[in-house]
Amino acid sequence: MKYLLVIGDGMADNPVPALGGKTPLEAAKIPAIDALAARGVVGSVMNCPPQLPAGSETGILSIFGCDPLRYFTGRSPMEAAALGLTLREGDCCYRCNLVGLEEGDQPFEQRRILSHSAGSISGEDALKTIRALNADPAFSAAMRAANMELPPVATFRPLAIEHDGDFSGIRFIPPHDHLGEVIGPLLPDGDPKAKKFADLMRLANRVLEHHPVTEERRASGKMGANGIWFWAEGTAVSLPSFEAAYGHRGAVVSAVPICHGIGVLRGLEKVEVEGATGEIDTNFEGKLEATWQKLQEYDFVCLHLEAPDECTHNGDLPGKVQSIEWLSSRLVGPLVERLERAGLDHRILLLSDHKTLTATRGHDGDPVPYLFYDSRVDTGRGTPYTEAAGETGPFLDNGFELLDILFEKKPLP
């Protein structure tokens with residue numbers, strides 16, 4: 001038996017007026033996924049407990065079989081595991097997004113946050129931006145004074161590590177939930193310790209606003225990364241063994257650190273694919289081949305697609321619909337065909353980790369639809385894979401029960 005977990009990050013949504021009142025899932029043409037839904041079971045699940053952030057840090061933790069109320073210590077420590085960063089006792093970790101802020105002569109606090117990812121900056125552009133910050137005498141001195149470091153990475157998602165840190169009482173806000181808003185009320189606050197983070201953000205803006213690496217990016221028609229944004233604070237975390245819990249080893253095919261990190265912490269193999277960007281231009285064919293290869297090595301593989309989430313954050317509704325369609329036509333459909341040709345029995349769990357709302361471009365923690373499919377069984381339910389269909393099927397209060405059902409350790413309610 002082969003077990004395939006497919007996560008379409010943020011693909012669940014609410015009805016969208018521009019789509020005639022349909023959700024992107026309802027508007028998308030996904031015959032391969034709907035064929036599985038017709039023979040399987042579609043229901044809904046709560047992945048993100050209301051007490052915790054509505055995001056992948058809690059949603060994917062749930063989907064990977066860990067109760068977030070027990071294991072969640074913050075998003076960034078899980079991403080650190082994916083990057084091979086070791087947190088010492090007393091270390092605190094923070095996401096430090098490269099962001100695109102409104103340009104102009106107005107005070108820093110009056111600027112608006114235009115992009116949580118500086119226009120999806122990546123590769124050498126991201127590395128050069130982080131290195132420019134670390135090379136600036138004023139910024140590097142401020143980081144040393146704060147007992148912090150910022151390792152360069154080729155993505156808009158760098159992590160800052162604070163040694164002997166303490167973020168108790170500080171309010172950090174995710175940038176992707178406040179796009180287009182004035183940043184003053186969104187800066188870290190709530191405790192005197194927050195000042196050093198806000199000061200570093202102001203200083204980074206002064207360093208980067210007209211830095212050659214920023215101007216070079218603008219000259220090429222891209223958004224400049226003219227700021228950083230601290231959030232997703234956390235401390236070191238350990239997760240229980242996946243193999244001990246389910247009796248199987250496996251791999252995770254993804255382009256984003258949070259999914260890889262949770263997998264690594266559970267003992268799963270991290271699989272990186274050249275050209276996998278986390279955006280709609282990701283290497284679909286490469287992810288398909290990597291998933292198929294790992295299904296030859298293991299009984300379990302998780303295939304994660306970030307594109308629906310990033311398209312929504314970027315205000316790209318056609319892109320969100322397209323990425324969902326490509327999840328069906330370029331990933332799920334071909335994988336099922338190969339499994340069938342090989343005569344391999346298989347069980348599939350497909351779902352969104354959380355909703356990402358077209359209306360707000362931010363996350364939402366409401367229940368999302370899931371799909372269970374077993375190649376040996378035709379349930380005859382005939383439902384499509386949509387939010388509305390999910391609401392008519394079995395409801396799960398806790399997303400961390402999903403893998404128990406996938407591995408047939410528990411029945412559906």
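**Close-ups of a predicted model: cysteines and pockets**

**View 1. Cys302 and its neighbour Cys259.** The cysteine sulfur closest to that of Cys302 belongs to Cys259, but at 4.3 Å it's too far away for a bond.

**View 2. Cys93 and Cys92.** Here the closest cysteine sulfur to that of Cys93 sits in Cys92, 8.8 Å off, so once again a bond is out of reach. Cys93 counts as buried too, at 0% relative accessibility. Zoom out to the whole structure and the disulfide search still comes back with zero.

**View 3. The largest pocket.** This one holds about 480 Å³ of space. Its lining is made up of 24 residues, and those nearest the centre are Ala154, Thr155, Ala255, Ala276 and Thr277. Two elements, α5 (75-83) and α11 (257-265), each give two or more residues to that lining. Sorted by class, the lining has 10 nonpolar residues, eight polar and six charged.

**View 4. The second largest pocket.** Its volume is about 160 Å³, and 13 residues line it. Look for Val41, Arg347, Phe372, Asp374 and Leu412 nearest the centre. Strand β14 (residues 368-374) supplies the largest share of the lining, three residues. By class, the lining of this pocket splits into seven nonpolar, two polar and four charged residues.

Terms used
Residues numbered from 1 in each chain as written. Predicted model: local features only at pLDDT ≥ 70, side-chain atom pairs only at ≥ 80, totals over all residues. Heavy atoms only, no water. 1 Å grid on protein atoms, 1.4 Å probe; cavity = no way out; pocket = protein on both sides within 12 Å on 5 of 7 lines; lining within 4 Å. Points joined across faces, edges and corners; volume = space filled by probe spheres on them. Helix = DSSP H or I, 4+ residues; strand = E, 2+ residues; numbered from the N terminus. Nonpolar A, V, L, I, M, F, W, Y, C, P; charged D, E, K, R; others polar. Disulfide = S-S within 2.5 Å. Buried < 20%, exposed > 50% of the residue type's maximum accessible area, 1.4 Å probe, protein only.
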